[in-house]
Amino acid sequence: MADTGIPILLVDDDRFMRTVLCQTLQDAGYRVSQAANGKEALELCRSTYFPIILTDWVMPEMDGIAFCRAFRELAAECYTYLILLTSQEGKEKLIEGLEAGADEYLIKPVNEAELMVRLKTARRILDLESSLQKSLEENKRTPAGKRKPAKKAPPRKSAAKKAGTSTRRKAAP
């Protein structure tokens, strides 16, 4: 069990699905809040920050696509990673979901191992965003002449160099 303590908002009109996913997420150490539709979720998001939101696509009052669009229009200081859960398959639906503002798209029924690895990706993205925000804040507080130079990353060796072969192409005759 990963004790992340990260708040997650779970949005689904199917009470049974919410119960199952809520238990899975709590077992993994997440703090889970729930909403039965996009309208209810949007109201929660206006008063509470959720770093990760899992939302169903097909729901009454406000579906997941409308929720994603409305959520992305809210003013936010920190990024939220949105995962769209749906039984709708196909490239067109995937594209529609991502264009609406979802970061990830999972087909129901959700495989627990796949969900956990997607959440790990979400945490990695959120950690990077947080680190970037901290660096930007430090740069705002530090006068330009007193900033430390950026550290250069060591050069990465390509697979060919590790194997002792050259990656250069020979000139054409």
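This is a predicted model: local features need pLDDT of at least 70, side-chain atom pairs count only at pLDDT 80 or more; totals for chains, interfaces and linings use all residues.
Local features are reported only where pLDDT is at least 70 and side-chain atom pairs only at pLDDT 80 or more, while totals for chains, interfaces and linings use all residues. Residues are numbered from 1 along each chain as its sequence is written, and side-chain values rest on heavy atoms, with hydrogens and water left out.

The chain has six helices and five strands, taken as DSSP runs numbered from the N terminus (helices are H or I, at least four residues; strands are E, at least two). Along the sequence they follow the pattern β-α-β-α-β-α-β-α-β-α-α. Of the 173 residues, 35% are buried, meaning under 20% relative accessible area with a 1.4 Å probe and protein chains only. The accessible surface (Shrake-Rupley, 1.4 Å probe) comes to about 11,800 Å², and carbon and sulfur atoms account for 52% of that. As for contacts (heavy atoms within 4.5 Å), 61% of those between residues at least 6 apart in sequence join residues at least 24 apart.

Now for the inside. A nonpolar core here is a set of buried Ala, Val, Leu, Ile, Met, Phe, Trp, Tyr and Cys residues joined through side-chain atoms within 4.5 Å. The largest one holds 21 residues, and Leu9, Val11, Cys45, Ile53, Phe67, Phe71 and Leu84 touch the most other members. Strand 1, helix 2 (38–47), helix 3 and strand 4 each give two or more residues to this core, with helix 3 supplying the largest share, five residues. Apart from this core lies another, of 20 residues, including Cys22, Leu25, Leu85 and Leu106. Isoleucine 83 sits in strand 4 and is buried, with a relative accessible area of 0%.

Rings of Phe, Tyr and Trp (its six-membered ring) pair if their centres lie within 6.5 Å; planes under 30 degrees apart count as stacked, over 60 as edge-to-face and the rest as tilted. Tryptophan 57 and tyrosine 105 have ring centres 6.3 Å apart and planes at 90°, so this pair is edge-to-face. The pair ties together distant parts of the chain, 48 residues apart: tryptophan 57 is in the loop between strand 3 and helix 3 (64–73), and tyrosine 105 is in strand 5. Both tryptophan 57 and tyrosine 105 are buried. The other pair, phenylalanine 67 with phenylalanine 71, is tilted, at 5.8 Å centre to centre and 35° between the planes. These two phenylalanines are four residues apart in helix 3, so about one helical turn separates them. Phenylalanine 67 and phenylalanine 71 are both buried.

Helix 5 (residues 112–141) has 30 residues and should span 44 Å at 1.5 Å a residue; its end C-alpha atoms are 43 Å apart, which agrees. The expected span is 1.5 Å times one less than the number of residues. Asparagine 111 caps the N-terminal end of helix 5, with a side-chain oxygen 2.9 Å from the backbone nitrogen of alanine 113. The buried residues of helix 5 are Leu115, Leu119, Ala122, Leu126 and Glu129, and they pack against strand 1 (7–11), helix 1 (15–27), strand 3 (52–56), strand 4 (81–86) and strand 5 (104–107).

How values were computed. Buried means under 20% relative accessible area, exposed over 50%, partly exposed in between (1.4 Å probe, protein chains only). A polar contact is a pair of N or O atoms within 3.5 Å; within protein, one must be able to donate a hydrogen and the other to accept it, and residues adjacent in sequence count only if both atoms are side-chain atoms.
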